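Please read the following note beside the model.

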6 protein chains.
Amino acid sequence: MGLTHFDEKGNAVMVDVTDKAITEREAVAGGRIRVNRKVYEAVENGTAKKGDVFGVARVAGIMAVKQTANLIPLCHVLPITKVGIEFFMYPESLEIEAVCTVKVTGKTGVEMEALTGVSTALLTVYDMCKAMDKGMTIRDIRLVRKSGGKSGNYERQL
Amino acid sequence: MGLTHFDEKGNAVMVDVTDKAITEREAVAGGRIRVNRKVYEAVENGTAKKGDVFGVARVAGIMAVKQTANLIPLCHVLPITKVGIEFFMYPESLEIEAVCTVKVTGKTGVEMEALTGVSTALLTVYDMCKAMDKGMTIRDIRLVRKSGGKSGNYERQL
Amino acid sequence: MGLTHFDEKGNAVMVDVTDKAITEREAVAGGRIRVNRKVYEAVENGTAKKGDVFGVARVAGIMAVKQTANLIPLCHVLPITKVGIEFFMYPESLEIEAVCTVKVTGKTGVEMEALTGVSTALLTVYDMCKAMDKGMTIRDIRLVRKSGGKSGNYERQL
Amino acid sequence: MGLTHFDEKGNAVMVDVTDKAITEREAVAGGRIRVNRKVYEAVENGTAKKGDVFGVARVAGIMAVKQTANLIPLCHVLPITKVGIEFFMYPESLEIEAVCTVKVTGKTGVEMEALTGVSTALLTVYDMCKAMDKGMTIRDIRLVRKSGGKSGNYERQL
Amino acid sequence: MGLTHFDEKGNAVMVDVTDKAITEREAVAGGRIRVNRKVYEAVENGTAKKGDVFGVARVAGIMAVKQTANLIPLCHVLPITKVGIEFFMYPESLEIEAVCTVKVTGKTGVEMEALTGVSTALLTVYDMCKAMDKGMTIRDIRLVRKSGGKSGNYERQL
Amino acid sequence: MGLTHFDEKGNAVMVDVTDKAITEREAVAGGRIRVNRKVYEAVENGTAKKGDVFGVARVAGIMAVKQTANLIPLCHVLPITKVGIEFFMYPESLEIEAVCTVKVTGKTGVEMEALTGVSTALLTVYDMCKAMDKGMTIRDIRLVRKSGGKSGNYERQL
C-alpha cells in the first residue's frame, strides 16, 4: 500500500469513502510538553488555585478537534460524537502530557482529530507560559490507540 | 514574572498590548516527524516524482499560520507579512523536519504562528502517510529563533 | 442531574452521544431588541422600501446557525436540515423580535443553534442601527419550543 | 443621520472607513442570564470546586470577539489589542452577568466585538446548564461604555 | 417552480430537507481561466519542474469545497465523501481548465460544492500569476454533470 | 518577472511584504452569470417585490471578501476598509453582472478580495436559482480596475 492520498497521476485527492460502512470508531492520541521548573510550578499552582492553564488548553483542544477538516487539507468532515482531553503532570521530567479521546459514528476514523486536539492543547499551554520559558519543547505527539473501521484496532507499544 | 495570560483574579485574558510599539518581528520554529522506512521512501519518491506530500503539507501549514488566533484562544490577530515552510529529510534517523518562518509588523511576536505552522504541516504529513504507518511520532516542536519586540532576540542552543 | 458538560474530575468534555438515536428534532428560539423611535422607523421604512435591515440580519443569523459548534465550545457539529428566521415589529414597545427555527435529523438537539441564530440576527440589527442609537438593548433570548430527542418536548409558558 | 450601512440605492455596504484616523478605542458591554436555583447553585459550586462553567464561557467569549467580523456581515476586521470577560453572580435575582471589555488601535470602534463576546459567553453558560433548566433567559445585552473615535465617549445611564 | 430559497413571505430560508432521503450523489463542475502566453508557459514549466501552481490551487479548491456552507448562505452542511480536482491545459486558446468532482451520501446534492471548488482553484491560479498578467479572465464556471437525488441526473450539452 | 509565489527552490511562499509601504489601495472586479429567461424574470420580480436574491448574494459576497485570506492560500490578511457589491441586469443577453469594490490601507492590494467577492456573490445567485436552471454559466470574472501600490494603476480595456 502506497500513499493513498494521491490519484494515479500523483494529484492530491480527498479519498473516496462513499462505499465505506458507517461504524463506531474511537481514537486516543497523546503528546507532551517539556517545560522548565518555574513554568512547571506556575502551571501546577495555577491549576490548583487560580490561573487554570489546563482549563483554557482543554477548550482550545476540543474546539480544534472540530476544526480538523479545515486544517488538514485531505481530512473528511466528521460528525464527532465525543471529545475529552486530560492532562497529566510528571514532576521528575518536568513534562506535561495531554491525552485526547475522540469518538465518531462515521465512515472514517478520528486519528487526525485526536492528534489535532493534542497538538492544539499543547500549543495553548506553550502560549500561556512562553513569557516564562522560550525553550519549551512539544514532543511525542502520537496515536495511542484506535478502534473501529476496516483497518481494525491499533494499540501502541509504549 | 508569572503567568501573564491571567488577571489578578486568575481569569484568562487576552493580554492588553495597546501600548506596545509596532515593530518588525520574526520567528522561526521547527519540528520533526519520525516515520518508518516505507513511509520515508514513499515521501522521498513522491516529492521527486508524483505525489508531493510536502506540497500539500506546506499549503496546510501556511494556511494554519493565518488561523493561529482562531486556534490558540489568547493569541492576538496579527497582519502577517511573510510565511515560508521548508522540509528537510534525515535518512539515518528516518525523520522529516519542518521549519516555518513567519514575519510581521505588529505589536506582538509571531512565535505561536510559527509553531502552529510547523505543527499543522507535520500533522498533514502524518495524515497523508497514516495508511502505511500508524506509529509515526511528531517530536521536538520548538522555537528556533525570534527577533524583534521588547523581549529581544532569542536563539536556541541546539 | 448536575452539570452534564463536565466529567467526574470536573473537566469540560464534549458529551458522548455515540449511543443516542438519530431522530428528527426541532427547536424554536426567540429574542428581542428594544430601540428608540428613530431607529424603529428607519428599520420599518427601510424594510418596506430600501435599506433592508432584516434581509441582512436574516442571512447573518442563518450563517451563524451553521457556525454554532465553532462558537459554543462543547456543542456537537450537526447536519442541520432547515433554518428560518422571522422578524416581528412591536410599535408600542419599540421592540423588534427575531424568531429562529432549526431542524435536524441527528443525535442531539438544536436548541443552541436556534439561540445562536437569534442572537446573531439581533446583534446584526444592532450593528446596522448603532449610529442612530447606542442605547439599544437585546433582551429575552430564550428557547420557545423544542421537540424530538430523549428529553421530549418543551414549550415555554409565555 | 439615517441607516449608515446602506448606500443611496438601499444596498448594504461595509462602510468606507479609509479616511478615518487610527485611534485607541475601548468598549465595554454587559448582559445577564437568569437561571433557576438549581443551576445557580451548580454554577456557583462548580466555579469554586470543579466544573468551571465560567472558565469555558470566558474562553468562548474571547474567541468569539475575534470572530465578530465573520459573524456580523458589515463589521470591519480589527486588530484587537485586549479582551477580558468577567462574570458576576446575583443571588437574589438568580442572575449571572457577563461583562466584556475590548480594546483596539484602529479605524472603527469595538462595540460589536464587546457585544458578541458577552452574547457568546452567555450562550455558552446556557449550553452547559441546559440539561438542568430549559427556561433560562438571556437579557439586557447592551453597550455599557465606549471611548475613542469620532463619535466620542458614551456611558449608559443604569 | 419558482425561487425555492424564499418562503411565502419572500424571506430567505435554508430549505427544509428533513424528509429527503439520504442517497449517494455526485456532481462535476468545470471552469477555465484565460491567461497570456507568458503566464501559460510559466505555469506549464512550473508544474513540470518547480513552482507547482496546480498543486497549491488543488489544495485550495479541496479545502474550499469543505467551506461551501460557510460561503453560500443557504447551503446545507454536507458530509462530503470525496473531492478531486484536475487541471487541463489548452495551448491554442491559452486556457487552463479546472474540473472538480464531489461525492456525498446525503440529503442534498453537491453542485454548489463542486462549483465552489472550481471557482476557488481558479482564483488561486489567478493569485499566483497576477504579477505577470492582470488581464486574466475566469470563464465558463458551470455544472458539467450531476447524479443522484430526486431531480435525477443532469449532463450538460457541450 | 516570473511566478512570484515560489522561492528559489520552487516552494510556495506567502511573499514577504514586510518592507512594503502602507498605502491606500482600491480594486474593482466584475463578473457575470448567464441564466435562462425564467430565472431572469424570477430574479427581476423577486428583487422588486419579495424574494430578494441580490440582497442575499450581496451579503455573501461581502462576507467572502473578509475570508479571502482563508480561501486563497498565499493571500495576506488585510484590514479591509470598504466593501460594496452592485448588480446589473442585461435583459438582451439574460446576464446578471456583479461588481465588487474593495478598499484597504495596507501593504498589498485587494485584487483577490474583489475577485473573491464577485465570485461568491455569483455562486450565491446560482445556488438560489439552480432549481429552475441547471445550465447557468458564470463568466468573465476579471479585474476591472485597481489603484495604489507599487505596480501602479490598472484599468481594463473593455
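How much area do chain A and chain E bury between them, and what percentage of it is on carbon and sulfur atoms? Point 2 gives the answer, after a word on conventions.

1. Conventions. This is a predicted model, in which local features need pLDDT of at least 70 and side-chain atom pairs count only at pLDDT 80 or more, while totals for chains, interfaces and linings use all residues. Residues are numbered from 1 along each chain as its sequence is written, chains are lettered from A and ligands numbered from 1 in the order in which they are written, and side-chain values use heavy atoms, with hydrogens and water left out.

2. Chains A and E, area. The two chains bury about 1500 Å² between them, and 53% of this is on carbon and sulfur atoms. Buried area is the accessible area (1.4 Å probe) that two parts lose on being put together, summed over both. A:Met14, A:Thr18 and A:Val77 supply 35% of what chain A buries against chain E, more than any other three residues. In contact terms (heavy atoms within 4.5 Å), 20 residues of chain A meet 15 residues of chain E.

3. A:Asp16 forms a salt bridge with E:Lys103, and their closest N and O atoms are 2.8 Å apart.

4. Chains A and E, symmetry. A rotation of 120° with 0.0 Å of shift along its axis superposes chain A on chain E, with an RMSD of 0.0 Å. That is the relation of a three-fold axis. The C-alpha of A:Pro79 is the one in chain A nearest this axis, 4.7 Å from it. Copies are superposed by least squares on the C-alpha atoms of residues with pLDDT of at least 70 in both.

5. Chains A and B, area. Here 54 residues from chain A and 54 residues from chain B take part in the contact. The buried area is about 4400 Å², and carbon and sulfur atoms give 68% of it.

6. Chains A and B, strands. Three bridges join S4(A) to strand S4 (residues 137-147) of chain B, and the strands run antiparallel. Strands pair if DSSP finds at least two bridges between them; a strand is a DSSP run (E, at least two residues), numbered from the N terminus. A:Ile138 stands opposite B:Ile141 in S4(B).

7. Chains A and B, symmetry. Which rotation superposes chain A on chain B? A rotation of 180° does, with 0.0 Å of shift along its axis and an RMSD of 0.0 Å. The two copies are thus related as by a two-fold rotation axis. The copies meet through the same surface, because 100% of the interface residues of chain A are also interface residues in chain B.

8. Pairs without contact. Chain B and chain C do not touch, and their nearest C-alpha atoms are 10 Å apart. Chain A and chain F do not touch either, with nearest C-alpha atoms 10 Å apart.

Notes. Helix = DSSP H or I, 4+ residues; strand = E, 2+ residues; numbered from the N terminus. Salt bridge = Lys/Arg side-chain N within 4 Å of Asp/Glu carboxyl O.
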